[in-house]
Amino acid sequence: MTGTLSRDTGATTQVDERLGAAARDFLGRPHQLFIDGQWVDAADGRTFGTFDPATGAEITQVAHGGPEDINRAVAAARRAFDDGAWATMKPNQREQILWRIGDLLDAKAELFGQIEALDNGKSVAIATAVDVAWAADVFRYYAGWSTKIEGSTVNVSMPFAGDKQFHAYTQRVPVGVCGQIIPWNFPLLMAAWKLAPALATGNTLVLKPAEQTPLTALLLGEVIAEAGVPDGVVNIVTGFGDAGAAISAHDDVDKVAFTGSTEVGKLIVDAAKGNLKKVSLELGGKSANIVFADCDFDAAVAGSVAAWMFNHGQACTAGTRLYVEDSIYEKFTQAVADAAAQATIGHGLDPATELGPLVDQDQFDKVSYYLRAGIEDGGRALTGGGRHGDTGYFVQPTVFVDVEPDHRVVTDEIFGPVVSALRFTDVDDAVRQANDSIYGLAAGVWTQDISKAHKVASRLHAGSVWVNQYNGFDTAMPFGGFKQSGWGRELGQGALDLYTQTRSVNIQL
């Protein structure tokens with residue numbers, strides 16, 4: 001269901017006929033960098049293609065920003081921060097602007113959902129009802145925090161100052177220029193998670209979206225301008241790894257926030273040491289999902305399937321290590337496999353789609369490698385195990401059994417719809433196996449024994465533990481990982497700590 005679309009650049013690409021008029025209009029426009037309130041070409045004029053992962057066809061061309069463009073964006077952000085137009089704006093005015101961004105996201109939900117589905121491959125229904133709606137909620141949540149960034153008064157003793165009196169207080173102030181690097185699995189949502197708290201606290205920003213999925217970030221730039229954010233406060237540079245590296249190493253960037261792989265996170269830490277910029281990292285995971293024999297069986301099956309198939313398995317929290325109590329292991333894993341095999345696989349723009357494609361050829365090749373590795377290491381696929389169809393980057397949902405703790409499909413983050421099921425005998429065994437990972441992002445627990453649930457949750461080395469559910473996110477709940485799953489917490493009040501620093505003021509009266 002495609003036609004052709006001629007853009008102002010003179011190039012021609014295919015456009016899916018299921019797209020609405022607003023999406024067609026957006027794709028037909030040039031896609032430039034957003035720097036200092038203006039849409040501009042890359043410094044060297046380069047562009048790159050972004051592709052529909054369901055077909056492999058090019059969607060459109062996007063400006064190919066590089067280090068020089070990062071320099072321009074950082075300079076704009078620095079000017080905007082130093083002139084104080086945003087940081088010293090009345091907090092309730094910042095609140096109104098952020099709330100307006102949320103309203104505009106809601107008003108343009110269909111447009112954002114369609115562009116996200118086309119660029120990323122995810123279901124348009126999920127993209128609209130979850131990603132776009134939640135992004136709007138994030139902006140509104142942090143809009144409210146704009147007026148509540150408070151310091152405190154301190155009753156100092158100053159024992160060496162004699163009888164002198166003092167008035168001492170603290171202020172929470174913005175960090176400054178923040179570089180933000182977001183991934184391709186939830187492009188719009190991850191932009192919202194980073195932009196909203198940073199803006200609420202008065203910072204200025206340079207946002208670098210993933211090269212695989214740049215479109216909703218650019219569309220968000222249009223919304224940000226429409227909402228009234230001053231020029232230079234938000235700058236968006238599309239490009240590849242060299243642009244991200246330039247942000248991480250830039251001496252005029254005060255803080256870098258990154259969501260992505262643990263391997264790249266370590267490179268960012270190394271690059272940031274030049275000016276000791278603040279760093280927050282939301283990194284990889286290999287999350288354990290523990291199913292006890294006393295669970296609600298049907299609910300646990302449905303929840304456990306969603307734990308690793310949601311977003312096509314392309315989620316850092318995916319519950320891809322499935323630990324099942326020995327007495328129900330055979331029955332439960334077969335039920336999970338049967339449910340997974342029934343998933344409707346298709347294009348993200350098809351409202352019936354439950355499982356879309358992987359994001360690109362590289363990710364398809366990576367997941368395909370692990371499908372082979374699962375068998376090579378001695379595992380057995382109860383369902384799936386290979387490619388789906390012969391067009392696009394689709395793989396079958398795959399359930400591995402007969403695996404061992406040291407198998408690659410058990411230890412490594414795959415980032416695809418692949419789960420490995422292992423047995424456990426009792427609570428201690430389940431906790432020991434679940435904690436046997438370099439990661440510590442999330443975990444699930446399924447039991448009808450509330451005492452057991454609390455005890456197990458308190459022993460798991462994970463930043464989020466979900467009981468009798470999975471992916472139980474809320475904007476007010478802090479999110480982040482233990483161990484090599486990252487530094488810091490996003491969402492909730494805790495995210496404000498990532499974008500503020502404390503000033504102490506002590507006045508002798």
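This is a predicted model: local features need pLDDT of at least 70, side-chain atom pairs count only at pLDDT 80 or more; totals for chains, interfaces and linings use all residues.

**Notebook: domain, sheet, helix, cysteines**

I started with the record: UniProt lists residues 39-505 as "domain: Aldehyde dehydrogenase" in an unreviewed entry. Its positions are given in the numbering used here, feature names are shortened, and annotations may be inferred rather than shown by experiment.

Residues are numbered from 1 along each chain as its sequence is written, and side-chain values use heavy atoms, with hydrogens and water left out.

Next I checked the make-up of residues 39-505: 39% helix and 20% strand, with the end C-alpha atoms 41 Å apart. Helices (H or I, at least four residues) and strands (E, at least two) are DSSP runs, numbered from the N terminus.

Then I traced an open sheet of seven strands with mixed pairing, in the order β16-β17-β18-β15-β14-β20-β21. Two strands pair if DSSP finds at least two bridges between them. β16 (380-383) and β21 (464-467) are the edge strands, each pairing on one side only. Inside the sheet, β17 (398-401) and β18 (418-424) run parallel, joined by three bridges, and valine 399 stands opposite valine 419 of β18.

I also looked at helix α8 (241-249), whose buried residues are Ala243, Gly244, Ala246, Ile247 and Ser248. Buried means under 20% relative accessible area, exposed over 50%, partly exposed in between (1.4 Å probe, protein chains only).

Last, I looked for disulfides (cysteine sulfur pairs within 2.5 Å), and the whole structure has zero. Cysteine 295 counts as buried because its relative accessibility is 9%.
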